[in-house]
Amino acid sequence: MIVEDKLKRVPVREQEPAVRAKNFDEVCLGYNLEEAMAEATRCLKCKNPQCQTGCPVGIDIPGFVKEVEAGNIKGAYDVISRYSALPAICGRVCPQETQCEAKCIRGIKGDAVSIGKLERFTADWARENGVKPQGATEKKGQKVAVIGSGPSGLTCAGELAKMGYDVTIFEALHEAGGVLVYGIPEFRLPKDTVVKAEIENVKSLGVKIETNVITGKSVTIDELMKNEGYDAVFIGSGAGLPKFMGIPGEQANGVFSANEFLTRNNLMKAFRDDYDTPIFKGKKVAVVGGGNVAMDAARTALRLGAETYIVYRRSEAELPARAEEVHHAKEEGIIFKLLCNPTEILTDENGWVCGIKCVEMELGEPDASGRRRPVVKAGSDFTIDVDTVIMALGTSPNPLITSTTEGLESNSHKCIVADEKTGQTSREGVFAGGDAVTGAATVILAMQAGKQSAAAIDEYLKTKRA
Amino acid sequence: MYKILKKEMLSDNIVLMDVLAPRVAGSCLPGQFVIVKCDEKGERIPLTICDYDREKGTITIVFQTIGASTKLFATYEEGDSFMDFVGPLGRASELCSLSDEELKKKKIIFMAGGVGTAPVYPQAKYLHERGVECDVIIGARNASLIILAEQMKKVANVYITTDDGTLGRHGNVNDCLKYLISEEGKTYDLAVAIGPLIMMKFAALLTKELNIPTVVSMNPIMVDGTGMCGACRIMVGGEVKFACVDGPEFDGHLVDFDGAMMRQRLYKTEEGRAVLREKEGSTHHGGCGNCGE
Ligand SMILES: Cc1cc2nc3c(=O)[nH]c(=O)nc-3n(C[C@H](O)[C@H](O)[C@H](O)COP(=O)(O)OP(=O)(O)OC[C@H]3O[C@@H](n4cnc5c(N)ncnc54)[C@H](O)[C@@H]3O)c2cc1C
Ligand code: FES
């Protein structure tokens with residue numbers, strides 16, 4: 001395959017919108033070997049690669065792309081896996097357009113190189129061909145406990161295991177993966193083929209995973225360190241606590257947090273007939289919010305058969321979701337009600353949702369975040385008839401750990417206070433990272449934090465050994 | 001895997017099981033609960049901890065076979081294992097935060113309705129172990145639904161009452177409380193009411209009249225039990241609370257029972273279930289807890 005126009009990226013195959021709106025199979029089908037090699041030829045092999053500076057875990061991007069171009073996919077995988085434990089996941093869910101691809105020099109005149117799709121191709125190829133990451137050769141003899149099995153915990157655990165530490169992950173739910181399994185839907189991130197396989201890779205490095213353990217309840221951090229002999233702890237417990245708006249009608253039957261809706265469908269697999277989990281298949285669903293969570297909830301509701309609205313109070317430019325998700329959502333027929341804010345959820349005489357009352361907004365002066373503040377247009381009330389409302393307004397960290405670990409400092413947002421570079425908390429030997437520290441953010445930032453903390457834990461344990 | 005070491009039928013449809021779960025048994029306190037999932041494809045079902053043995057590492061659960069999942073649980077025998085068993089969840093009973101001295105000063109009445117007797121037992125036992133006497137009213141529709149009476153008698157003064165008079169006094173738990181106060185001259189400065197929502201609602205109304213501070217234990221629909229989904233939200237004193245992390249025990253005089261019943265009506269009434277069947281379409285597998293499909 002020859003790329004005629006080097007300014008254009010090799011298009012990636014996707015399921016047709018009309019077809020995929022009715023199934024939970026993956027939307028993006030990814031490159032094949034030929035397409036990937038062709039796309040890789042578009043890399044300019046810059047002396048001073050900017051893309052790499054845009055990657056939170058600093059992957060040697062030109063290094064792996066060069067191997068893809070040569071058709072040496074195992075070589076490409078070896079390069080990536082030196083930096084990232086979860087490439088098949090990152091290739092699918094990272095906001096590349098604001099990271100590596102945003103810095104790509106090719107992107108100044110034409111399309112940036114499809115770095116994300118190449119990463120995904122490389123990782124998928126490795127999985128399909130049984131290539132595993134390299135484990136540790138010698139053991140350090142010290143034990144580290146990792147709380148939570150989301151991206152930050154998995155990355156921290158994987159890194160430490162590669163260095164030879166004895167690592168155990170403690171997970172509250174019955175399955176490992178955090179948001180990767182309970183939040184992000186199958187059609188974006190297949191669970192059995194992709195997520196489970198990457199978790200198996202982490203386990204193959206020697207990491208043990210104990211599910212059904214709620215730290216702070218089943219066992220405290222102090223008990224882990226004092227009674228179970230852990231020399232250091234990494235907290236990667238995420239930000240799972242959903243927010244509600246506090247508007248009238250929010251207690252009605254048919255109002256869900258996006259977490260509940262998504263957990264039922266993803267973790268508990270309500271969409272599959274062979275599972276016992278029930279889920280509301282609304283006929284008309286309003287999802288409130290504009291982030292990835294809102295897009296996922298809306299596209300899930302759509303696939304379950306509903307006419308689906310996104311209700312967001314700012315304009316399209318401010319939608320915090322990944323560009324690809326917004327694009328896919330529109331293609332699939334999600335109706336966007338932008339500059340529109342709910343004021344009340346209407347209920348029928350039995351307490352069921354029957355509509356959502358909104359006001360129109362317009363953008364005023366920029367606020368502290370630099371985004372223009374939405375203000376209400378007077379007299380613009382209107383109602384959308386819906387039978388289900390899903391709130392996707394963001395989440396905050398759960399206070400379970402901070403409230404049961406003495407001396408572990410948290411801030412007014414309930415986030416654990418930790419050093420930006422090392423994850424060191426106010427407690428000796430205890431490190432933290434990911435959403436638990438930053439509030440809801442991204443997979444890759446959580447991985448970056450896990451990776452940095454692994455390095456800091458290694459330093460800390462070195463001095464303890466000496 | 002969490003092995004079932006003992007199984008006993010307390011009535012036709014109420015089952016007791018001892019399950020090996022050392023981490024839970026090592027850290028739980030009265031008032032807390034667990035979530036049980038029997039196999040890969042099952043639902044996560046919350047059940048109150050009825051007793052625990054730190055040495056043997058076991059937790060006792062008691063459940064009524066109401067819906068598809070609890071019926072499936074009931075088919076498990078001694079020697080079988082549940083796939084997932086997580087806990088302890090929720091906050092411990094407030095009694096656990098009081099010193100023995102403070103506890104001894106308190107005159108406590110427990111009002112237990114039906115399967116609600118199970119979560120009352122560990123609290124009464126906890127008090128008994130600290131030399132604190134308490135009264136327990138166990139109420140149910142009829143004699144066959146009175147459970148754990150013998151165990152309870154070992155740790156508390158027990159008053160049994162049935163709606164149809166087939167065992168103990170004739171009447172409901174409220175009638176019994178009124179009787180204890182007016183006829184036996186009892187006074188109480190704390191009531192703990194645990195049972196069906198409607199029973200807790202009326203118990204709280206009565207104790208409000210009687211000026212007795214009252215704790216109730218809420219059991220709404222839950223998914224994760226860790227504060228992550230908000231399915232378990234209820235209104236308490238005008239604020240949204242998550243029963244799984246802020247509770248399950250709350251001030252009975254502040255809980256919005258009507259709101260909680262409206263949410264529960266989905267699962268417990270014929271119309272509610274019909275609506276669910278429609279809204280859930282092919283994903284409705286008896287999750288309403290009643291149709292057993
Ligand atoms: C904290 C707590 C403690 C409890 N302790 C005990 C105890 O000690 N003993 C006892 O017998 N019982 C106890 N219960 C009650 C027990 O959980 C129920 O009796 C049991 O769930 C009923 O059994 P089932 O499947 O068979 O459940 P169901 O009635 O099916 O349970 C409710 C299920 O319905 C679901 N559901 C169905 N449709 C929907 C929908 N559309 N939207 C949202 N959710 C839906 C939920 O997912 C939930 O899993 C407790 C409950 C709680 C919350
Ligand atoms: S059960 Fe999910 S938040 Fe309580």
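How many salt bridges are there between chain A and chain B? The count is two. A salt bridge here is a side-chain nitrogen of Lys or Arg within 4 Å of a carboxyl oxygen of Asp or Glu. B:Arg23 forms a salt bridge with A:Glu210, and their closest N and O atoms are 2.8 Å apart.

This is a predicted model, in which local features need pLDDT of at least 70 and side-chain atom pairs count only at pLDDT 80 or more, while totals for chains, interfaces and linings use all residues. Residues are numbered from 1 along each chain as its sequence is written, chains are lettered from A and ligands numbered from 1 in the order in which they are written, and side-chain values use heavy atoms, with hydrogens and water left out.

Now take the whole interface. In chain A, 46 residues are in contact (heavy atoms within 4.5 Å) with 48 residues of chain B. The two chains bury about 4,100 Å² between them, and 52% of it lies on carbon and sulfur atoms. Buried area is the accessible area (1.4 Å probe) that two parts lose on being put together, summed over both. A:Lys217, A:Gln251 and A:Asp276 supply 16% of the area that chain A buries against chain B, more than any other three residues.

Across the interface, 15 residue pairs are in polar contact, both residues at pLDDT 80 or more. On the chain A side, strand 7 (241-242), strand 8 (255-257) and helix 14 (258-265) each supply at least two residues. Helices (H or I, at least four residues) and strands (E, at least two) are DSSP runs, numbered from the N terminus. Helix 14 gives the largest share, four residues.

Chain B has a buried charge to inspect. B:Asp18 sits in strand 2 (residues 14-20) of chain B. B:Asp18 is buried yet has no salt bridge. The nearest side chain of opposite charge, B:Lys6, is 4.3 Å away. The side chain of B:Asp18 does make a polar contact with the side chain of B:Thr60 (2.7 Å).

Conventions: Polar contact = N/O pair within 3.5 Å; in protein donor to acceptor, adjacent residues only side chain to side chain. Buried < 20%, exposed > 50% of the residue type's maximum accessible area, 1.4 Å probe, protein only. Lys, Arg positive; Asp, Glu negative; His and termini not counted.
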